[in-house]
Amino acid sequence: MNANGGEQAAAHGLGFRDRAALAFLWGFCRAVAMLPYWVRYRVIGNLIYGLLRLLRYRYGVVTENLRRSFPGKSEGELAVIRRGFYRTLAEIVVDTLGLAGLTEEKCRRVVVVKDLERHAAEVAGRNWIALTAHLGCWEYCSYWGLHSDQAVEAVYHPLHNRVFDELYKRLRSKRNIYPVPMREAMRFFLRHSQTGIDGRNIVLGLIADQNPPRRPDSHWFRFLNQDTIFFDGGEKLALRLGLPVYFSWLRRVKPGYYEMAFERIYDGREPVAPNEITERYVRRLERRICEHPELWMWSHRRWKHKSPADLARMECEEQKSA
């Protein structure tokens, strides 16, 4: 899907007012993307950062998540991470608006792949799965497709607002990158897994650190000092089809520029215990968050569900206080 295809898809099914709103938003994004780098990040980025701090955007959620994740850190240390997070969030807003003006050449400049030749040789001729996270500008993760001849199935959650949903699809659509709604992701992959997309192998890109619905059989991982559930669709598909799995993450080089790295966590053949592939992903993600805590999305209500162990502890504490 190229940019023109994305624009045609975006206009399909929208009424006149929605199409006008979409055209305005796309024009606004294009205008921001055309501004010089220093204006976007030093002026607009600083303005957004100041507004986030002034409005205390999800301040309670961010603070509570940080306190529970890093109980050994002082309030001063947590404040430093919180400020860094707001700075990252402001940059991500600018990054996202700037997607409207990124050519393929610019995309390859803003995201450099670490050990590109080695990784390309490992996955040559194979479909594979990339498990990534909300670490830095996650919208850039699909740019692997611009560094290789493989097609990236970029799985996303559709937005409730049709106009903004279509805008994001247009912003994400580049050569070799195919945005696919989560509810259609597995069917799309299985439909193309044998023949590929236009003869190209498929990379299934999953942002796996989101908060999935709780099920009776949910497996709980100890993550950032808290019992946590994760999406396990990537692991199930990898075991079903014998697909390699990589942990993909972005290291911030400077505002708007990242280095992408891939760490193999499953080769597609080795015997593994249940939930082991996801466990390997969780441990690598946790390590990167501890190294670069300001890059993770702390404003997300990640721990809405309580594990059986948490509920038992809460019941025990209530009984003691009664």
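**Figure 1. Phenylalanine 223 and phenylalanine 230 as a ring pair.** Phenylalanine 223 and phenylalanine 230 are both buried (under 20% relative accessible area; exposed is over 50% and partly exposed in between, with a 1.4 Å probe and protein chains only). The model is a predicted one, in which local features need pLDDT of at least 70 and side-chain atom pairs count only at pLDDT 80 or more, while totals for chains, interfaces and linings use all residues. Residues are numbered from 1 along each chain as its sequence is written, and side-chain values use heavy atoms, with hydrogens and water left out. The structure holds 19 aromatic pairs (rings of Phe, Tyr and Trp, the last by its six-membered ring, with centres within 6.5 Å; planes under 30 degrees apart are stacked, over 60 edge-to-face, and the rest tilted). Tryptophan 128 and tryptophan 144 form an edge-to-face pair, 5.9 Å centre to centre with 80° between the planes. Tryptophan 128 lies in strand S2 (residues 128–132) and tryptophan 144 in helix H8 (residues 144–147), so the pair ties together parts that are 16 residues apart in sequence. Helices (H or I, at least four residues) and strands (E, at least two) are DSSP runs numbered from the N terminus. Both tryptophan 128 and tryptophan 144 are buried. The pair of phenylalanine 223 and phenylalanine 230 is also edge-to-face, at 5.2 Å centre to centre and 80° between the planes.

Figure 2. Ring pairs join Phe70, Phe221, Phe223, Phe230, Phe247, Tyr281, Trp296, Trp298 and Trp303 into a cluster. The largest nonpolar core has 91 residues, and those with the most contacts inside it include Phe223, Tyr281 and Trp298 (a core is a set of buried Ala, Val, Leu, Ile, Met, Phe, Trp, Tyr and Cys residues joined through side-chain atoms within 4.5 Å). Helix H5 (residues 75–98) gives the largest share of this core, nine residues. Beyond its neighbours within four places in sequence, tyrosine 143 is in contact (heavy atoms within 4.5 Å) with residues including Leu99, Leu102, Val110 and Lys174.

Figure 3. In helix H4 (residues 59–69), the buried residues are Val61, Val62, Thr63, Asn65, Leu66 and Ser69. H5 and strand S7 (226–228) are among what covers them. Arginine 58, in the loop between helix H3 (37–54) and H4, has a positive phi near 45° and is not a glycine. Arginine 58 is partly exposed, at 37% relative accessible area.

**Figure 4. The second largest pocket.** This pocket has about 460 Å³ of space. On a 1 Å grid over the protein atoms alone, a pocket is an open set of points with protein on both sides within 12 Å along at least five of seven lines, whereas a cavity is a set where a 1.4 Å probe fits but cannot get out; lining residues have an atom within 4 Å of a point. Points are joined across faces, edges and corners, and a volume is the space filled by probe spheres set on them. Of the 26 lining residues, Arg215, Phe231, Asp232, Gly233 and Gly234 lie nearest the centre. H11 gives the most to the lining, with four residues.

**Figure 5. The largest cavity.** The largest cavity has a volume of about 30 Å³. Its lining consists of Asn211, Trp220, Asp227, Thr228, Ile229, Arg302, Trp303 and His305.
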